[in-house]
Each structure stands twice: as structure tokens, then as C-alpha cells.
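Subject: Structure handover

Hello,

Please find the structure below, with the sequence alongside. My notes on what was found in it follow.

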Amino acid sequence: MSIAIRRRVQLAVLLGPVSLFLAVFFLGPLAIMMVTSFLAPGLYGGVEWTFYPHNFGRILGFADPMFEDFDPVYIAIFIRSVKIAALTVLAALIVCYPAAFCIARLSERWKNFCLFLITLPFFTSLIVRLFVWVLILRQTGLVNEMLLSTGMIARPLDLIYTDGAIILGMVYVFIPFMFMPVYGSVEKLDWTLVRASLDLGAGPIRTFWRIILPLTAPGIVGGAIIVFIPALGNFVVPAILGGAKVMMLGNLIEQQFLAARNWPFGSALAMMVMSVMLLLLLVYVFVSSRRGADAALNR
Amino acid sequence: MQDSIVRLEGASKAFATPEGGSVTALDAIDLQVRRNEFLTLLGPSGCGKTTLLQAISGFVELDGGRILIDGEDMTDRPPYRRPVNTVFQNYALFPHMTVGENTAYALEVAGVAKAKRREQVAAALKMVGLAGMEGRRPRQLSGGQQQRVALARAIIARPKLLLLDEPLSALDKNLRQAMQIELKTLQHELGISFIFVTHDQQEALTMSDRVAVLSGGRIQQLDTPRAIYDHPVNSFVATFIGASNLFDGRIDGDRLMTGDGTEIRHRRAPSTASGAATALIRPEQFFLAGEGEPFPTLDVDLEAIVFVGSTFELFGRTSAGKKVIAEIPAGRRSLIGDIERTRRARLAYDPAAVHLIHACAEA
Amino acid sequence: MKIAQSLFRGSLVAYTGLFFAFIYIPLVVIAVYSFNSNPVNMMTWTGFTTEWYAQVLGFKTTVSENALYIESTGQLLQAVWNSLVIATSTTLIATVFGTAIAIGLYRFDFLGQRFYRVIMFMPMLMPDIVLGIALLIFFVNSGIHLGLMTIIIGQCTFLISYVFIVVSARLAGMDRTLENASADLGADEWTTFRRVVLPQLLPGIVGGALLAFIISMDDLVITYFIAGVDVTTLPMFIFAMLRRGIKPEINAIAVMMLTFSFVVASLGLYLRSRQK
């Protein structure tokens, strides 16, 4: 057998089965979901196999032939989800960025220990970590109990079931996602450049804006994207910490599938979430390909 | 014919560049390596020397030409079926194996029995001065020790030819010099040919039986170190090896006249009484002219006088503006005092030491 | 200037202290309060008890004599068992597939390789709810009965990505000249793979497998959509309990899970650090 043919066989054996698996069980479902988003919902659940583009119009608030008149409730939920996800990114960055600088300057041993402490919660149950915040934030939770017993407040505060609770919960579970890329950039930062900037007469604040921030921007952008994507379509955190009051895209989609049984509309919503993700990914690939393309993907 | 261990016939290789062009790494190279020879491939980076080495070891497939090792055609053989072993530039020791396991690897994959393997490993490690280090891990060793393990690993299966890809470049200067001598000794003990790749001309001159100077995918000159230093065939070789003063001009009898009117005397090339040529004078061939100097001289204005210990280096220009470097032994301080004051020097040279490079020899 | 600098340093250290407090104090709090005997108001300390742990584990105690929870202990154990079965199967499949793809993309150059690499990142980045409903529509339309099988298939789609990325990172850090050295010393391709590539790759494969196992054990959203009516996993069980109302037993389960995963993760990281 010639070398070229042997290589081809090896490649087919390595990539064939898994490509087939992913084509059928990953790309296949996404394609069917896309098709479904253009179908009409049956009156009692199920799907009518007719072309029906109104699901997307309905998200934007336009009237559709079946359900309602103009109603911006869905676009409002979409905007609210984007807002909460963006605030989560911002909060996570504020939490992680300064800590990354402190940890990056520790000795090797302490550095590794700190990184271990930060990644450790990632290995524990997500739902348990959210449950903890229920115990802390709810009406009879730790914070209210403590404030009541010290007499600082007379009535328990509404802490849980708010936007703030959702953002807090998401920041808590996404800390490693934000910290690791940011830390990666901060640790690589060449401090002689900072010294050079100070030496050339720039003050600490100007040095931060002109040198430190641009040099750590790749990590910030990377962290922002991998926090924003799961935050946008999140359904567990709002379900546990948002109660019934706060509706996000994730809950809306779940509702369309398991309660309202309007699969086409749910699919259309999911398509929106997916396109935001693809858009962000494209931006990231585009931006990173302009400075050393492969480094980002091959990591 | 049988006294050559390796024969390359018209070996060619071009690489595609990312921009869509192609770069010639090997340009129809013919080369014969003799048995028990220490041959060095010397050249600047990108000259094709590493490609040539990899073509012999089998990691680069040739576009054209043949490679014969000990009379057998190896052109289409994969690396693991060639009787050749390599000492890699970064040593390439397997980090998950001990020194002993690393050293035994070639015997192990060849199916040599364990007891015999152990015996040979001990012998090979002893040979490179690492007796008893079998149990260590590569990362516990110093750079020099890792270098020795890589050597032991490459020679244990008694290859017909050992290839060394800039193996000393990562070592510091003292260690490098010690290893140069050791390598030479080892080659004598083993009685096999070494092909050594380097970009360090000093290293090439000290160790080799013959040196092949490469540039642009071609062998510019293949000869003994002394021949290459004293009689370079073209100005590339002359400038790449050692410092040199080159004077381009036309030959007129026993003198060479440059375009700017400088006259260089010589005693060579009676056959080519005229024609374009370049005269080479090495800096150490100049000396300061005395009163009534019998040898031909060259007057220069000095720009810098640098003390480097055993010699003074003089950097100057002729009246026509041509740069000249000369090396004067530091023993005669009084003469230096004179020229330091006047900033002028009259440099003398022996016409017999002037080497002529004829224009037709230029690449 | 000096004072400002040390003030800045000090506040940075303090901030980092708060950062870790934010991560760990909540976990410590529930660990402590899981021993609180107050059955109604879990955050008002009334005394020490191991009652809730005993109930979760199905022991009869003075309080739970009427054995209200025995039934749910059975369900809990069933959920744990399901999760273990799913995680073990998905880990096996995803590790083999993910490693194969990583090696294939590392070793061979072919048309569309970069595209393939980008595609491999998609399942991991895809929001889980999107993948969950896509799989649900797919399985229902193709008439496949929802159950253990669909969960295993569904989780594998994105776990392959995780293994691929971990193994690829390991491959990218590998010194390719080692393979050349092995070939140079007379080892054919298979021997080189077995003796040189695989041993160095092993930590990456083990790390990828561990990650896949943990993520599989923890997956709620995708599993939630494609589990059907018969199968409940551990995260689904707790999620359902939480939706019904918060009881001290959940606290005990949560602390046991925390302890378990901390021990496993610490062990894993300890082993990895020793290997280096």
C-alpha cells in the first residue's frame, strides 16, 4: 500500500465514525430545529407541516395570524435577557480582573493553589451552588435573618426573585469562565512595558488605559464571550433564583416546549439565541485572526 | 566508489511558501561522504543544510535525485528503515522515559533481548561519560548531560552514519568547546562517519575532516578546513568564513588594479594574465610597514583601533574610501602608540599570501 | 508615592481576599447549617443534628419514625445510579471519539481542516437550551423513545468537544521532533504512537475523561429536555425537589455532593501535579 493511501485510510478511521455521529446527532437536530422554526404550530401542540414565517415576526412583536395582535412582550424579554447577560459579563469582569492581577504576581506555588481554588467550584454541582444562594437570599435566608436579628431592618428585604439575584447567581457560577481567560492575558502581560510607559512620563491611570487594558483585551473579550453566551439563554438560574417573576429567554423557550407546547415558536426563539452565539463567535474569530489567527483556535 | 558511505546524486527539494511561490532548499546536490569521515555542513540559516540532513535521515522526501547509503538506494525508505541515527538540535529525549530507557530505545524496537540491551546501554553511557545514570529522568540532567544521553541513544545501534543537527548550539561556550573535542574522539573510537550541521564557522573549522559550505541550496565549496580558509572559491565562502578584505579589480600581470585605483600585488594565477578577479587578504596577513619596507604596502586612515587582548584590530579606509581591517599582534605596543597618535598606518603584506578569486568562479 | 503604591497593593490583596470569600463563604455557610436542627427556618440556628443526613441515607430516626422520606431515598439512589450509568457511558464514548478527532486533526493535513476545527468548538459553545430542544425535536420526530439512550447520545454530542479540546491542547504542547527521534531510532509508525505519543498524551486523555465525567454528572438542561418520563438523574432530582419547596434534606444532599466532588477534584488535580 502506498503511503498516501495508508494515510487516507488512517484518517478515515480516525474521523469517520465521530464525524458521522456529530453529523447525525448534532448538525441533524440543529437543522430540524431550523426547519421547525418555519412551521406552523398545531392548535393542541404538535406541528403543522406548512411554511409559516410568522414565528420570527411574533418574537419582534408583530401580530401573527393565530395568536395575538401587536405585542412587544417577547422582544421585551429578549432585550431584558441581553441586558441581564451583559450586566453579568460586566459584574464578572469587575470581580475577576483585579484578582487576576493580584494572583498573577504571586509565587508559583501560591499561584497554582489560587487557580485550584478558583476552578474547584466548577467541578461541583451547578445546582447545588445555586441552591446555596437561595438559602442566603430568600425571605427567611441568612442575610435577612442576620439583618433582622441585629435590628437593622424591620421587615425582610426582597432579595431573591429579582434581576439582581439572577445576575449574582450567574456571576457566581461563571467566575471560572471569566477568570481563566482574563488571567491568561494578565499573566502574559510584560511588565517591562508598563515600566517603560511610566518611565516615558505616563501616569498610572494613563498607563492603565493605554498599555495594560489594550494588552489584556484579548482575555477580556474571550471571557466576555464565553460568559455572555451561556448567560443569554440560561434557564436554570432564572428558574431557581428568578422565581416566576423574572422571565428570561431560557425560561420562555422551556415554557414553549414543556408547557405551551408551541414547538415552532420555541424553535424560533432558540434560533435567535443561536444566531447571537454564532455572531459573537464570528466576531471573535475575525478579531483574533487579525492578530495571530491560529493561536486562538489552537489553544 | 566503495570508499563513500553516502552518495547523493542530484538531490533536489523545493518548499512551497505561504504566498504561493516556492523556495529551492536543495538545488541538484551531488555529495559523497567518505567512510570514517567527519563532514560538516556549514552555512547561514536557510541555506539548505538542515534540509540536506533531513533528506539523508528520511524526514524530507526529495523532489528529485537519489540517496545511497553504503551502496543501497534509500530514496524511498521511511526514516525508521534507514541505518542512520540523528542527534537532534534540542536533543528530543523522551521525557516519559528514563535515561536508560531512552538509550535502549533503538535496541528495544529492533527486538534485542533485555539482558543484552542492559549491557549495551551501560557500555554506551560509559562511552559518553554517564555511567550509572540509567535511572535518571532527562529533566533531572543538565544541558550537557542531556546532550550526552542523546549521543548515547543515537550510537547504541551502531548506525552506519551519525547525523548531528546543530547539537552544540544550546550549550554555553566552555561546554561547547569541551564537547567539540569529545565528539571528535568519539568519532575515532566508533569508526563511523559523522555529518555535522552548524552555522558556527569556528566549530566547523576545528572539528571537521572536510567542510561543505552551503548557500542557496548549493554546495559552494567542499574541502578541508585549511583549504577553505586559505583558498575560498568565491567571495561568499571568503566572507562567510573568517574576516576578509576583498578587492575587486582586473588582473594586470602580477598586480590587480581596482576600479578606484588601488593596486594589489600578487604571485598567483600566471595562467590568467588578465581578466576580472577579486583579491583576498586576511586581516592577520597585514603587518605594520617598517622603514624601507621591502613588501608592497597600503596606506589607510584609521577610524578605530580596538584592543581585543592578543591583537589590535585596526579599522581603516584607503585614500579611495575602501574599508580595510587589519589584525596586528599586541606585543609591539610602541608601534601602536605611533599610529594612535597619527591615525594613519602603512599596512604591508606578502604578495605570496594574496589569494585570487576569478570572476568565473563566482556563483 | 511609596505610600500610594503600598496602599494600592494592600487594597488589591484585600480585594482578592474578598474574591475568595465570595466564592467560598456561601459553601461554608450551607455546610454549617446542614447540621441545624431547625426544620422550618433553616437559617435560624436551634441546635446541632445529623438528622437530615440520616433521613437522606434512609436511616430511621426518632423524628422520621413515620418514614416519610424512605421512598424518596429510594428515588434519590435510583437518580444517583442513573447519573453514574450515564456519566460512565458518555465518558467512554466521548473520550474515544474526542481523542480520535484530536489526533486526526493534529496528524493529518487535509482540505477543510480549519473549518473542521471550528465546527468542533460549536457543541461546547452552543447554549445548552438550544442543543436540548434541538435534540428533543430530533428524537421525537425520528420516533426514538426518550430514555437513558437518548440522554447518553445527547450528552456525547457536546462532551466530545470538551475531550477534543483538552486532548488537542496536550497535542499542541507536544514536541514533534520526539516522533522524528523515535522514527530515526528505527520505530515504525505504530510503535512510535504506542511508545512515544500515547504515553505523553495520556494525562490529556485522562484529564479530558475526568472533565467529561464531571460535566455529564452535572448536566441538567440538556438531560432535562431529552430524559423523557421514566428516567431521572441526580441534578434533575434536586431541581425537582427545589421547585417543590426547600427542605433541610436538600441541604444535606447538597453538602454530600459538594464533599464528594471536592474530594474527587482535589485528588485529580493532586495526581496531575505529581505527574508534572
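In chain A, residues 165-186 are 100% helix and 0% strand, with end C-alpha atoms 29 Å apart. Please keep in mind throughout that this is a predicted model. That span is one of those to which UniProt, in an unreviewed entry, gives the feature "transmembrane region"; the others in chain A are residues 12-40, 73-101, 113-136, 207-229 and 265-287. Residues 73-101 of chain A are likewise 100% helix and 0% strand. There the end C-alpha atoms are 42 Å apart.

The unreviewed UniProt entry assigns "domain: ABC transmembrane type-1" to residues 80-268 of chain C.

Next, the contact between chains A and C. It involves 59 residues of chain C and 63 residues of chain A. On the side of chain C that touches chain A, two or more residues come from each of α1 (2-33), α3 (70-107), α4 (113-125), α5 (128-141), α6 (148-172), α8 (189-218), α10 (234-244) and α11 (248-275) of chain C. The most come from α1(C), which gives eleven residues. By class, this side of chain C has 50 nonpolar, seven polar and two charged residues.

The largest nonpolar core has 158 residues, and those touching the most other members are Leu130(A), Ile175(A) and Ile133(C). Helix α7 (residues 163-188) of chain A provides the largest share of this core, 16 residues. Another core, of 95 residues, lies apart from it and includes Met207(B), Leu214(B), Ile219(B) and Ile264(B).

What is Ile133(C) in contact with, leaving aside its neighbours within four places in sequence? In chain A, the residues are Met33(A), Ile253(A), Phe257(A), Gly266(A), Ser267(A) and Ala270(A). In chain C, Ile133(C) is in contact with Phe225(C).

Chain B is assigned two domains: domain 1 (4-236) and domain 2 (243-361). Taken over C-alpha atoms, the centres of these domains of chain B are 39 Å apart. The contact between them takes six residues from domain 1 of chain B and six residues from domain 2 of chain B. On the domain 1 side, two of the residues are nonpolar, three polar and one charged.

Chain B also touches chain C, through 17 residues of chain B and 15 residues of chain C. On the chain B side, β6 (84-87) and α2 (99-109) each supply at least two residues. The largest share of that side, three residues, is from α2(B). The classes on the chain B side are eleven nonpolar, five polar and one charged.

Lastly, helix α7 (residues 176-184) of chain C. Which residues of this helix are buried? They are Leu178(C), Glu179(C), Ala181(C), Ser182(C), Ala183(C) and Asp184(C). The buried residues of α7(C) pack against α1 (49-57) and β6 of chain B, and also against α8 of chain C. After α7(C) comes Gly186(C), with a positive phi near 105 degrees.

Regards

Conventions
Residues are numbered from 1 along each chain as its sequence is written. Chains are lettered from A and ligands numbered from 1 in the order in which they are written. This is a predicted model: local features need pLDDT of at least 70, side-chain atom pairs count only at pLDDT 80 or more; totals for chains, interfaces and linings use all residues. UniProt positions are given in the numbering used here, feature names are shortened, and annotations may be inferred rather than shown by experiment. A nonpolar core is a set of buried Ala, Val, Leu, Ile, Met, Phe, Trp, Tyr and Cys residues joined through C-beta atoms within 7 Å. A residue is buried if 20 or more other C-beta atoms lie within 10 Å of its own, exposed if 12 or fewer, and partly exposed in between; C-beta atoms are placed from the backbone. Helices (H or I, at least four residues) and strands (E, at least two) are DSSP runs, numbered from the N terminus. Two residues are in contact if their C-beta atoms, placed from the backbone, lie within 7 Å. Ala, Val, Leu, Ile, Met, Phe, Trp, Tyr, Cys and Pro count as nonpolar, Asp, Glu, Lys and Arg as charged, and the others, Gly among them, as polar. Domain bounds come from an automatic or database domain assignment.
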